[in-house]
Amino acid sequence: MSQRQAAGELDHLDDAAVLQQLEAAKRSMGRGLLRDPVVLARGLDRTYRMRPHLKVIGEALAGVEHGDYDRLLIITPPQVGKSTTVAEWFPFWWLCLHGEDRVAVTSYSDDLALRRGKTIRSYVEEYGEEYGLCLRPGSGAQADYEFLSGGGVRSVSVGKGLTGFPVNVLLVDDPHKDRSDAESEASRNGVHDWYSSTALKRLQPDRNCVVAVMTRWHPDDFAGRRLGEEGRLEEGGRWKVVHLPALADPKFGPDLLGRERGEPLPHPKIPTRDRRALRAWWEDMKRTSIVRDWHALAQGDPQPAEGALVSEELLRMLRDGSSEVEAQKIAVAVDPSGGGRDTAGVIGGFLGDDNRVWITHDVSAPMSSAEWSTAACLLAHETNAAIIYVEANYGRDMCELAIRTSWETLQRAEEIPGNVLMPAVDLVTAKQGKLLRAEPVAQQMVQDRVRLRGLFTDLEREWTTWQPTDPGSPGRIDASTILVYGLIPEANKGAIVHAPLPKAPQAPSSAGAAYSRRIGR
């Protein structure tokens, strides 16, 4: 062999070795993408927007495959990338790892389930070969197709049959179409019966799991019934729950994203660092949603409306941001919290010349003694309140000390001018028992002696959903009750003075408009 031939042979061997190395690196990179569905989606689809909440969801989905749990429930607000991640990328990711498995994709309608199935199929056709995932010849149906490896996908609506289709992965994507569907007892029972009698009976003994992703609608919706019957994993039950509310709230336990109270959930179409835009997005949703929709859909916390103190319809009638009214006495009412974990109610309002109590502000939050007293002082200064009402059970001396200390601190910090006198502090003795004290105020609302100077989502939610058996302390209800008792004491004595019946709000006078500007409404 000549020297030139030998050099050419070496070049050929070098090229082959380089090609093998490139192929090995490509396979290694492809396998590295299988860490979880979100990593895979981000690696294969340049348009997929990674966000912190999707990373949490991806890790939870990987936990199912690892065998950490076999039931996973994911609850988020609408339009945050949950279904794309869970109902499309997750099945493809699972099949890349277990090509012999059968995946059932279900949703409230055939059209939506079929759309998910088509998307999964497109992933298989574009990326599947690298992971040994190839369609079986003749699998032309978009809703039901198989792979050479033995696995397959079937897409059907909730309630439809899965006859002849053994299931390893049951995926339930938004089982309820809308509120009317979820509020129909017959419809809910149909979903529950299908899940119990049809879906679960198709699961295979060698490997099976159920993954549900949804927006909440009703206390007894799919998620509510599953958790009620089988419980949460951390409480000794079966379901691993990933709950990601639009605005973080300590009532749901430690936030999975490490957010503080009120911090916004990331959104695929808003940069994560743009906290102002994120907060504005969710606050706009809160402002434009009815109370129960905000708490159910955005916060994942639906509440029963039956047996509530007042109805949503009544509170809507009582919202009035424009009627002419002159304040006779402005006050702030406080229901102190029990150490910073319960919600301290801090409500502002006034008694109008129409003999009604007008609620103007709600700055309630989980607060310590120093925090609620500071909030009360700032609100009193903002609204020019003459008095701060506090529940008598807390004690006059302790209340006055906390409020006076905060007032003086705020004056030293020049947040309140030094020449402004602190409002008087007065104790209000309410009936024992939260229901007994709230019912007379609810009656005052029915008689149109209490009105709301705008929309108060959280306050209205307490009034329309709180049940006497609830373990939580309704701080906003208590504070608004104290405000009414302070401004119209006869309400606390059982006497009801009738105000005029509700009428359409009228355009405010210049005096009314000036007061509205002063109190920030």
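Q: At what angle do helix α10 and α15 pack, and how far apart are their axes?

A: Before the answer, a word on the basis: this is a predicted model, in which local features need pLDDT of at least 70 and side-chain atom pairs count only at pLDDT 80 or more, while totals for chains, interfaces and linings use all residues. Residues are numbered from 1 along each chain as its sequence is written, and side-chain values use heavy atoms, with hydrogens and water left out. Helices (H or I, at least four residues) and strands (E, at least two) are DSSP runs, numbered from the N terminus. Axes are lines fitted to C-alpha atoms, for helices over the stretch in contact, and angles run from 0 to 180 degrees between N-to-C directions. Here helix α10 (residues 291-298) and α15 pack at an angle of about 95 degrees, and their axes are 9 Å apart.

Q: How is the arrangement of α10 and α15 to be described in words?

A: Angles under 35 degrees count as roughly parallel, over 145 as roughly antiparallel, 65 to 115 as roughly perpendicular and the rest as oblique. The helices α10 and α15 are therefore roughly perpendicular to each other.

Q: Which residues make the contact of α10 with α15, and how do they divide by class?

A: Contact means heavy atoms within 4.5 Å. On the side of α10 the contact is made by Val291, Trp294 and His295, and on the side of α15 by Thr457, Asp458, Glu460, Arg461 and Thr464. For the classes, Ala, Val, Leu, Ile, Met, Phe, Trp, Tyr, Cys and Pro count as nonpolar, Asp, Glu, Lys and Arg as charged, and the others, Gly among them, as polar. By that scheme, the contact of α10 with α15 has 2 nonpolar, 3 polar and 3 charged residues.

Q: How does helix α15 pack with helix α16?

A: Helix α15 (residues 457-465) and helix α16 (residues 475-487) pack at an angle of about 95 degrees, with 8 Å between their axes, which makes α15 roughly perpendicular to α16. Asp458, Leu459, Glu462 and Trp463 of α15 meet Gly475, Arg476, Ile477, Ser480 and Thr481 of α16, and the residues of this contact divide into 3 nonpolar, 3 polar and 3 charged.

Q: Where does α4 bend?

A: The bend at a residue is the angle between axes fitted to the seven residues ending there and the seven starting there. In α4 the bend is about 40 degrees at Trp89, and a proline, Pro91, follows within four residues.

Q: How many of the residues of α4 are buried?

A: Buried means under 20% relative accessible area, exposed over 50%, and partly exposed in between (1.4 Å probe, protein chains only). In α4, 14 of the 16 residues are buried, so this helix is largely enclosed by the rest of the structure. For the chain as a whole, buried residues make up 50% of the 521 residues.

Q: Which residues of α7 are buried, and what do they pack against?

A: The buried residues of α7 are Arg188, Val191, His192, Trp194, Tyr195 and Ala199. They pack against several elements, including β1 (71-75), β2 (102-107), β5 (169-173) and α8 (222-230).

Q: Is Gly58 buried or exposed, and what is it in contact with?

A: Gly58, which is found in helix α3 (residues 52-66), is buried, with a relative accessible area of 0%. Leaving aside its neighbours within four places in sequence, Gly58 is in contact with Asp36, Pro37 and Val38.

Q: What is the phi of Asn355, and what is that of Asn384?

A: Asn355 has a positive phi of about 65 degrees although it is not a glycine, and it lies in the loop between β9 (343-352) and β10 (357-362), where it is partly exposed, with a relative accessible area of 31%. Asn384, also not a glycine, has a positive phi of about 60 degrees; this residue is in the loop between α12 (369-383) and β12 (387-391) and is exposed, with a relative accessible area of 55%.
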